[in-house]
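Look at the structure below and keep the sequence at hand. The text that follows goes through a few side chains and asks what lies beside each of them.

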Amino acid sequence: MTATGEPAAREDSSAGGPPAIITTPTTILAPSPTPIHSDVPMPNANGSGNGSGSHKSTIVIESQPKRRVSIISDPPVIGGGGSGYDNPAYEQNPRRKISQTSTHSHTDIGPARRKSILKETVPHDNESDRASTHSYENYRQNALDVLNSKYNGHPHTSMGDSNGGGNYVEESWMYTFCLKCRGEEPSASWEPPFWQKIFPYPLCPTFRTVSRLISIILIGVLIWITAFVIIGDSAAPGGQLFGLVVLTVAANFGGYVISLTTLPRLIGMLLVGILFQNVGWVNLDGDFSKVTAHLRKFALTIILTRAGLEMEPEAFKKVYKTILKLGIIPWCVEAVVMAVMSHFLLDLPWIWSFLLGSIIAAVSPAVVVPCLFRLRTKGYGVAKGIPTLVVAVAGVDDALSVAIFGIISTVMFSDKGLGYQIAQAPVCILGGLGFGVVWGTLARIFPEKGDAYVVPLRTLLLFTGGLMAIYGSEELGFEGAGPLAVVFSAFVSNLFWCKDGWDVEDNPVSTAFEIFWMIFEPILFGLTGATIKIRELDSHTVSVGAACIFTGAIIRILTTAGIAFGDRLNTKEKFFVGLSWMAKATVQAALGPVALKHLDENSTDDERNWANIVQTICVFSIVLTAPLGAILISVTGTKLLTKTKQPQDLTGWRRSHRPSIRDISIIDEEEEREDPEIPEDKETHDNTLNNAHIPTISYTYNT
């Protein structure tokens with residue numbers, strides 16, 4: 001090669017032949033300091049590649065606008081990074097960067113096209129596969145073009161070339177609704193070539209969604225056939241087990257439909273249960289009620305275990321005073337208000353009134369968490385940790401409600417002496433805490449933390465321990481100890497697991513219990529709705545019960561705003577915290593029908609009437625407060641909370657995006673915020689005034 005523009009010569013060695021001279025019209029602009037070593041076999045004189053040669057030639061490659069073959073030293077990088085370029089043989093682009101030693105940069109002429117991580121590097125032999133692995137984006141635009149062209153009244157053209165036509169499809173309500181029903185896919189989906197022609201985007205679901213649904217249906221049908229062979233008539237159409245399965249599936253679908261309106265899924269599940277009961281599509285009375293009672297206990301165990309796993313001990317130590325103060329005092333006020341009003345207005349005995357108050361005072365994380373997450377992603381209340389505070393107190397409320405309910409119900413339905421009843425409270429509290437410490441410690445030692453099966457073993461150990469606590473405490477006559485034991489064993493286990501390196505927000509055992517809850521949530525709320533028979537409802541009970549529920553909620557809001565002093569919350573934030581705790585759902589669904597299940601054939605008619613009143617008010621508390629609470633949290637959050645300048649990055653959050661107690665930072669939060677009520681620091685203000693005469697110095701760097 002010469003530096004004067006003469007044709008450069010290149011020698012190539014062929015097996016068994018003389019070296020051939022290949023000339024290339026190349027002008028060398030500048031010598032490259034680092035040669036590129038290529039293992040690519042060079043062509044011979046007649047232009048054919050040498051498949052058997054192993055000659056390695058060292059070639060200095062410069063800027064060659066007309067070069068037909070590019071030789072690169074390393075394989076192209078796929079994915080991110082600033083040095084990833086696609087296969088040079090894919091496209092003959094004379095302006096792209098050829099190699100790492102080229103003198104020109106892609107920043108001068110625009111970025112080089114990079115290889116998509118969604119495309120396979122190996123060519124497909126199947127034409128349908130090659131056209132369909134990324135068909136979602138291609139067919140999406142094509143389908144929109146076709147639909148828009150029909151609206152515009154001219155032949156099909158691309159969106160960018162349409163003259164005088166608007167994007168009617170993308171601006172229509174149907175398009176928005178279809179996108180709301182469609183979830184984001186984490187990766188490119190394969191589709192048959194004919195799919196978009198028959199089921200066009202966006203009016204129809206993707207092939208992946210349909211295939212997933214078909215898989216679930218096939219699994220369900222096969223399980224039902226197996227159950228029918230084993231159980232018999234109960235699993236046949238018209239049987240009680242078959243009705244429970246149908247109710248669960250329908251409740252899950254109802255929850256999905258309601259979730260499209262951004263309301264909690266449990267509202268749809270509850271309404272489906274009420275519909276099935278009053279239309280006559282389900283019958284869960286009689287001996288089958290024992291099965292539903294056990295299902296409720298399973299769901300209660302999952303709820304309480306999740307509450308314990310969400311609390312990080314180290315963060316709990318810093319703000320335990322705030323959590324206990326805002327969790328216990330408002331709970332006691334609402335429970336007492338509900339008990340007093342139900343006693344005088346509904347003629348319930350005092351012990352039945354306090355039983356009802358202990359259930360109604362619980363807050364539902366199932367309603368609160370999704371709404372607070374939406375506010376958190378927008379930056380509302382993040383600076384003071386308000387979303388996480390509300391979620392943590394909701395967990396404390398659940399444990400307190402279930403424990404007090406267990407103590408009261410044991411006293412009510414026990415035929416033992418006065419001394420036994422007096423011992424209920426201390427024995428239940430100390431026994432529950434003691435079991436939690438022992439079982440939580442065992443969950444750390446067994447299995448060993450380096451075991452390959454540590455996650456499933458810890459999950460099953462915690463779940464079976466919780467079931468043993470619930471059933472064992474009931475069998476021993478101390479029903480209030482079981483719920484405390486479940487929550488505290490999960491809390492202690494999480495304490496040791498965090499010390500071993502696990503993270504509260506990335507706890508795989510929490511993920512397992514979330515999957516359990518996905519299964520039991522439609523069962524629990526479907527069964528709860530199925531207990532309501534509209535024809536048998538008393539209008540006086542419904543109206544007075546609704547008045548008691550809202551009165552207790554309002555007084556709780558005022559109490560929360562009044563006692564939240566010293567927590568660095570302004571007046572608006574105090575009222576928002578109180579508003580967010582008015583939603584009822586989970587505990588009310590699990591405990592509402594329990595009192596009625598405790599009654600036997602020796603119970604009086606008055607006791608059955610009181611139990612029905614408790615169950616009815618619990619269900620109506622869900623119907624009335626769950627949607628209202630979700631709406632109030634979403635609407636008032638943007639009005640009452642302060643928005644941070646830079647919302648937190650939530651990409652590292654774990655699977656459910658649930659706030660963790662570790663984020664509570666009311667005491668020592670230093671994050672930037674826009675809060676006009678916080679006075680300006682005097683020392684900073686004085687320094688600013690003293691330095692006002694100093695001119696601002698700017699630096700300019702010439703490159």
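In this predicted model, the side chain of Lys384 makes a polar contact with the side chain of Glu573, at 3.1 Å. To find Lys384, go to the loop between helix H13 (365-377) and helix H14 (386-412). Is Lys384 buried or exposed? Its relative accessible area is 9%, and because buried means under 20%, Lys384 counts as buried.

Next come the aromatic rings. A search of the whole structure finds 19 aromatic pairs. A pair of aromatic rings is described by the distance of the centres and the angle of the planes. Take Trp195 and Phe207: their ring centres are 5.1 Å apart and their planes stand at 80°. Planes over 60 degrees apart count as edge-to-face, so that is the name for the pair of Trp195 and Phe207. This pair links distant parts of the chain, as Trp195 is in helix H6 (residues 195-198) and Phe207 is in helix H7 (residues 207-231), 12 residues apart. Trp195 is buried, with a relative accessible area of 7%, whereas Phe207 has 23% and is partly exposed.

A second pair is formed by Trp497 and Trp502. Their ring centres lie 5.5 Å apart, and the planes are at 55°, so this pair is tilted. Trp497 has a relative accessibility of 0% and counts as buried. For Trp502 the relative accessible area is 21%, which makes the residue partly exposed. The ring of Trp502 also has a charge over it: the charged end of Arg458 sits there, 4.7 Å from the ring centre. Trp502 therefore takes part in a tilted ring pair with Trp497 and has Arg458 over its ring.

Another charge over a ring can be found at Tyr420. Here Lys416 lies over the face of the ring, at 4.7 Å from its centre.

Rings can also be joined into a group. Which residues do ring pairs link into a cluster? They are Phe298, Phe463, Phe513, Phe516 and Phe520.

The last stop is helix H12 (residues 350-360). How many of its 11 residues are buried? Eight of them are, so the helix is mostly covered. Among the buried residues of H12 are Trp352 and Ser353, and the list also includes Leu355, Leu356 and Gly357. Ser358, Ile359 and Ile360 are buried as well.

Terms used: Residues numbered from 1 in each chain as written. Predicted model: local features only at pLDDT ≥ 70, side-chain atom pairs only at ≥ 80, totals over all residues. Heavy atoms only, no water. Helix = DSSP H or I, 4+ residues; strand = E, 2+ residues; numbered from the N terminus. Buried < 20%, exposed > 50% of the residue type's maximum accessible area, 1.4 Å probe, protein only. Polar contact = N/O pair within 3.5 Å; in protein donor to acceptor, adjacent residues only side chain to side chain. Phe/Tyr/Trp six-rings, centres within 6.5 Å; stacked < 30°, edge-to-face > 60°. Lys NZ or Arg CZ within 6 Å of the ring centre and 35° of its normal.
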